[in-house]
Amino acid sequence: MIISNYFLDNDDLKEHFDSLTQWKEIIDSYEEGFADFAEYSKSGTETLALAPGNYEDALEFYRSTLESAGDISGKELSQVAKPMDEEGLRYDAGKVHFPKAMVDLVEKIKSAGLLPYAIHRHYGGLGLPSVVQSMLSEIVSRADGSFAITLGCMNLAETVERFGTEEMIQEIVPKMAEGSLCGAMALTEPNYGSDLPNLQTKAVKDEKGVWRITGTKRFITHACGFDTVPSIILTLARTGSPTSGARGLSFFLVRSEDIHVASIEKKMGLHCSPTCEVVFENSPGILIGEEGKGLVKYSMAMMNQARLNIAAQAMGIASAGYFEAKKYASERVQFGKTIDRIPAVRKMLERMEREVAAMRCILYEASRAVDLYRWTEERGRMNGKSEKEIKAIESFKTWEKLATLLTPLSKYYITELANQVAYDALQIHGGSGYTEDYDVARIYRDVRITNIYEGTTQLQTVACIGGIVSGMTDKGILRDYFRKEMSGFSVSRDLEDLFSKFEAVVQEFTGIETSELRDELAFEVVESCARFLNSLLLERSIGRAKVERRESRKNLASAYLLDSSAIIEANLTRIRGKKKIQVPVPV
């Protein structure tokens, strides 16, 4: 793979950091008047030593973190990703063994102080906003998607931070921050993949009042821990009757030493990410939060962040595909010239470039939405506000709803388009790309899971459609968001026309009478929403970009909008055509 700093060599990513991201609103939300710095100045609490005291310090801290991650990712991780993938994992009698190069790199990340990037600084973490976390995940995933998953699992503290008792938080989260504890999510069962309301792993209290969990979970990443580091497994189990549905499920914390890893999956890609089948046999568990709210509150909150993490992973893998294809095309000579000068190949590279740019826009916009509501909630809770008081804050309600929509929307869009980018990257490599001699083969294999796990594209469509339809009513929150964002810059006539086409798509969809046809055509609406949103975000970025880059961003935005216009028009035609077919012919 390309050897470089994976932050500094990515002009579009740097553009987002330097110019496109509105840092003041994010820093205001996250740092809350630089409260951590004030606390450190007063108390000298060591974990708050890195807390910034002003906007410039905050940005410098974020940038230095990304540059350090870019250096390790692009100069070290990227160079061992292929041999690690070839070596893979070894399973032996319940124990999973990792490549030594992978273990060494985790230690290097830890030594560099980068490991706890998603953990609050009060507990020994770096304390980074979601936008910066997404940037960092993209950088690492460009080098190796498996390694990025490992780092993500070692940062899986959000659920405990948000919903655990103070005793639980103090016992677990600092250990995750120091790298002596890994995390895992145990939701899926062999017979119940996405059908979580019907899962059957059960939890009962013994005579001493200890919850005991029995059942089998499948596809559980890092349930085995990492190397010598054990895991805490966030486990969804039934405390109600077998037929009690979602309301009968509760959330538990189970230690990896109290379960048995029966096997690991032999997968098409992500060969260094352990996907475990886990057996619980009266395993002791600690209840997180309230009984009966495991799925409806805690698991859903955890999955939303997980979906954003997968979007960032797919973003990074797509970036790898684009950069590797661009490099190969600039060096491969055919017919007396490098193939990037052949119109058909140039067309592919240009499409890849604008899709990667659009993916990055929607990823960071979803991350922005998370930043503008999550920290209001967490800071409010830390300051003693009740849940009712927090939910009464108008900005919290607005951004919570937008984040709930933009998270599955970005997960669907980025993972689907990342697969297309990887496909094109392999195609540009020709027959060589189909061999394991080039990294593009691994990129192609690794990206394929991203639009499947943490909820397939079809499930993301279900998660999005209600928010889009209700959000586009006259006083809907999505319509209001679009109009507010469009009022902040000089909107082109083409973008206004595109909005009208999207409105027509939603209007035609809401006129469908049968639920079966609505389910069938929901994707067309969700795709149209994503295409319009990305067109808006790309056009918005023109005025925010550095002067010398505005013309290139304008051309990119115009080309993307043209693609989007064709796609939305096709979706409108498809919806209208399907409605006509469904109308009964008079006898």
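Predicted model: local features only at pLDDT ≥ 70, side-chain atom pairs only at ≥ 80, totals over all residues.
Biologist: Let's begin with strand 3. Is strand 3, residues 182-186, mostly covered or mostly open, and how many of its residues are buried?

Modeller: Mostly covered. Five of its five residues are buried. Buried here means under 20% relative accessible area.

Biologist: Which residues of strand 3 point one way, and which the other?

Modeller: Cys182, Ala184 and Ala186 point one way. Gly183 and Met185 point the other way. Both sets are buried.

Biologist: Which sense, parallel or antiparallel, describes the pairing of strand 3 with strand 6?

Modeller: Parallel. Strand 6 covers residues 231-238, and five bridges join it to strand 3.

Biologist: Now strand 9. Which sense does its pairing with strand 5 take, and over how many bridges?

Modeller: Strand 5 (residues 211-221) and strand 9 (residues 275-288) run antiparallel, joined by eight bridges. Arg212 stands opposite Pro284 of strand 9.

Biologist: What about strand 7 and strand 9?

Modeller: Strand 7, residues 249-255, pairs with strand 9 in the antiparallel sense over three bridges. Leu253 has Ile286 as its bridge partner there.

Biologist: And strand 8 with strand 9?

Modeller: Antiparallel too, over four bridges; strand 8 spans residues 260-264. Look for Val261 opposite Val278 in strand 9.

Biologist: How does the lining of the second largest pocket split by class?

Modeller: Count 11 charged, seven nonpolar and three polar residues.

Biologist: Last, a single side chain. Where is Gln313 placed?

Modeller: Gln313 sits in helix 10.

Biologist: Why is Gln313 classed as buried?

Modeller: Because its relative accessible area is 3%, and the cut-off for buried is under 20%.

Biologist: Which side chain makes a polar contact with that of Gln313?

Modeller: Tyr453, at 2.5 Å. Leaving out residues up to four places away in sequence, Gln313 touches Ser141, Gly145, Ile149, Leu270, Thr450 and Tyr453.

How values were computed
Residues numbered from 1 in each chain as written. Heavy atoms only, no water. Buried < 20%, exposed > 50% of the residue type's maximum accessible area, 1.4 Å probe, protein only. Helix = DSSP H or I, 4+ residues; strand = E, 2+ residues; numbered from the N terminus. Pairing = 2+ DSSP bridges. Nonpolar A, V, L, I, M, F, W, Y, C, P; charged D, E, K, R; others polar. Polar contact = N/O pair within 3.5 Å; in protein donor to acceptor, adjacent residues only side chain to side chain. Contact = heavy atoms within 4.5 Å.
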